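Grab a pencil and look over the model below. Then try the exercises, and check yourself against the worked solutions.

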Amino acid sequence: MDAPVLSTFILLAEIVVSACVYGLIWYAYTRGTFFRWFAYGVLAYEILFNISYMLAHFWGRVEPSSAELPPLAVGLAIFHGTFSIIMFLALIAFFLFASRGYARGDNFFRTHRSLTITFAVAWGIAVLSGVVFYFVLYV
């Protein structure tokens, strides 16, 4: 099955968004400066494009139907959709807490190192599950 152009664009955009998320965290961790407005821009982009894309599929604009998909693809779709929404909500909270911490002069990501590592791993799982789902479905 051929991959829709929009699905391919969203996949590539999610990889870029993830690079931005990891870059923001790494820079703030190592240099002590959190680029709050850039982080909010990443969140806005994520809402406007990636989340709206997922919601459009959730509300029934899915092609092909789940009856036509192999069980692995259905399982991946369920996992990725659910886990990605959870991770997006976690990203909002994480960036808001980080923004407040850095505004107080606290290197939030360094102070909460275990939480930062846990978040980074979980974010990677959410993105990787999307990449695997794309390849199972279209390649």
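**Exercise 1.** Find what F95 touches, leaving out residues up to four places away in sequence.

*Solution.* Step 1: contact means heavy atoms within 4.5 Å. Step 2: with that cut-off, F95 touches V21, L24, I25, F34, A39 and L43.

Before you go on: this is a predicted model, where local features need pLDDT of at least 70 and side-chain atom pairs count only at pLDDT 80 or more, while totals for chains, interfaces and linings use all residues. Residues are numbered from 1 along each chain as its sequence is written, and side-chain values use heavy atoms, with hydrogens and water left out.

**Exercise 2.** Work out whether F34 and F109 are buried or exposed.

*Solution.* Step 1: buried is under 20% relative accessible area, exposed is over 50%, and partly exposed is in between (1.4 Å probe, protein chains only). Step 2: F34 has 10%, so F34 is buried. Step 3: F109 comes in at 0%, so F109 is buried too.

**Exercise 3.** Classify the ring pair of F34 and F109, and say which parts the pair ties together.

*Solution.* Step 1: rings of Phe, Tyr and Trp (its six-membered ring) pair if their centres lie within 6.5 Å; planes under 30 degrees apart are stacked, over 60 edge-to-face, and the rest tilted. Step 2: here the centres are 5.8 Å apart and the planes at 70°, so call the pair edge-to-face. Step 3: F34 is in the loop between helix 1 and helix 2, and F109 is in helix 4, so the pair links parts 75 residues apart in sequence. Helices here are DSSP runs (H or I, at least four residues), numbered from the N terminus.

Technical notes: Helix = DSSP H or I, 4+ residues; strand = E, 2+ residues; numbered from the N terminus.
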